[in-house]
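Me: I am new to this structure and would like to learn how to read it. Please take me through some features.

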Amino acid sequence: SAHAQYGICGARISGPEDRPRYGVAMSTPGDRSSFLGSRTPPEVEAMAQHCRELQHEDFRRILKAVVGALEGKDCKESVKNISESGNLSEEQLAFILAGLYTLLKEALRLPVSTLKQDVFKEDLKELRLPEDFIVDLASVVFGSRRKVLEDVALKQETRLPSVEDVRWRVDVAISTSSLARALQPSILMHLKLSNGTAHRFEVPVTKFQELRYNVALILKEMNDLEKRSILKIKD
């Protein structure tokens with residue numbers, strides 16, 4: 001395929017014209033949203049299809065390679081060994097690698113206080129994955145390696161600098177070159193960012209009122225969202 005590309009751990013992932021079209025909506029008990037979202041990612045659905053006939057030993061070897069990739073390790077040799085074992089076609093291996101990588105990334109993105117282990121397992125059952133595979137995946141997401149995986153993900157993340165300190169003052173212009181008596185207030189803002197840079201700028205009263213209104217509106221919308229039962233964290 002002209003669109004074929006090499007993805008996770010150097011495995012060949014087929015292009016859009018020869019990739020099965022999956023991506024169904026995942027229904028969960030009690031209208032609860034899956035950790036994968038309202039629609040299962042197509043690569044996860046394809047992975048689940050290919051895993052149903054997969055030997056448990058082969059699944060563990062692939063999972064180990066994917067976890068290694070998430071930890072920032074070079075797993076090309078591991079994938080090559082799995083491919084050369086002859087138990088899987090190149091296409092099957094590529095689909096399983098891509099699906100497992102996406103599934104684990106999505107699960108590790110959520111804090112353990114939000115994604116409970118029994119809920120995680122229930123979502124995987126909806127994909128009709130074998131029970132042994134579900135246990136292995138849960139041991140990665142909720143096991144001792146989670147902290148390492150989170151730390152690596154944090155280092156690899158592209159982030160904009162955050163605001164560390166905000167200072168402000170109100171100045172009143174008593175007069176200007178064009179007006180003898182102005183008495184026009186303005187707000188001087190000083191922002192210190194996490195990367196060490198500082199920014200100083202002037203905000204007109206009209207823009208400050210606009211900022212104040214929009215912040216109040218966002219806080220109200222956040223408060224309204226938190227009241228919805230679907231977003232409440234239940235033990």
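This is a predicted model: local features need pLDDT of at least 70, side-chain atom pairs count only at pLDDT 80 or more; totals for chains, interfaces and linings use all residues.

Me: What is the overall make-up of the protein in helices and strands?
Reply: The protein has eight helices and five strands. Read from the N terminus, the order is β-β-α-α-α-α-α-α-α-β-β-β-α. Of the 235 residues, 31% are buried. Among contacts with a separation of 6 or more, 57% are between residues 24 or more positions apart.

Me: Why is H1 described as largely enclosed by the rest of the structure?
Reply: Seven of its ten residues are buried, so H1 is largely enclosed. Those buried residues are Val44, Glu45, Ala46, Met47, Ala48, His50 and Cys51. The cover over them includes helix H2 (56-70), helix H4 (90-109) and helix H6 (131-142).

Me: Which residues is His50 in contact with, leaving aside its neighbours within four places in sequence?
Reply: They are Gln92, Phe95 and Ile96. His50 itself sits in helix H1, which spans residues 42-51. With a relative accessible area of 18%, His50 is buried, because the cut-off for buried is under 20%.

Me: How should I read Leu93, as buried or exposed?
Reply: Leu93 is buried, with a relative accessible area of 4%. Leu93 lies in helix H4. Apart from neighbours within four places in sequence, Leu93 is in contact with Ile62, Val79, Ile82, Ser83 and Leu88. Leu93 and Met47 are 46 residues apart along the chain, and their C-alpha atoms are separated by 8.9 Å.

Me: How does one describe two packed helices?
Reply: Two packed helices are described by the angle between their axes and the distance between those axes. Take H4 and H6: their axes come within 10 Å and cross at roughly 45°. That angle makes H4 oblique to H6. The crossing of H4 past H6 is right-handed.

Me: Which residues of H4 and H6 meet?
Reply: From H4 there are Leu100, Leu103, Leu104, Ala107 and Leu108, and these meet Leu137, Val140 and Val141 in H6. By class, the contact of H4 with H6 has eight nonpolar residues, no polar ones and no charged ones.

Me: Where do nonpolar side chains tend to be in soluble globular proteins?
Reply: They tend to be buried together. In this model the largest nonpolar core has 40 residues, and Ile62, Leu103, Leu104, Phe120 and Leu137 touch the most other members. At least two residues of this core come from each of H1, H2, helix H3 (76-84), H4, helix H5 (117-126) and H6.

Me: Which residues is Leu103 in contact with, leaving aside its neighbours within four places in sequence?
Reply: Leu103 is in contact with Phe35, Leu36, Val44, Met47, Phe120, Leu124, Leu127 and Leu137. Of these, Val44 and Met47 are among the buried residues of H1, and Leu137 is in H6, where H4 meets it.

Key:
Residues are numbered from 1 along each chain as its sequence is written. Side-chain values use heavy atoms; hydrogens and water are left out. Helices (H or I, at least four residues) and strands (E, at least two) are DSSP runs, numbered from the N terminus. Buried means under 20% relative accessible area, exposed over 50%, partly exposed in between (1.4 Å probe, protein chains only). Contact means heavy atoms within 4.5 Å. Axes are lines fitted to C-alpha atoms, for helices over the stretch in contact, and angles run from 0 to 180 degrees between N-to-C directions. Angles under 35 degrees count as roughly parallel, over 145 as roughly antiparallel, 65 to 115 as roughly perpendicular and the rest as oblique. A crossing is left-handed if the near helix is turned anticlockwise from the far one by less than a right angle, and right-handed if clockwise. Ala, Val, Leu, Ile, Met, Phe, Trp, Tyr, Cys and Pro count as nonpolar, Asp, Glu, Lys and Arg as charged, and the others, Gly among them, as polar. A nonpolar core is a set of buried Ala, Val, Leu, Ile, Met, Phe, Trp, Tyr and Cys residues joined through side-chain atoms within 4.5 Å.
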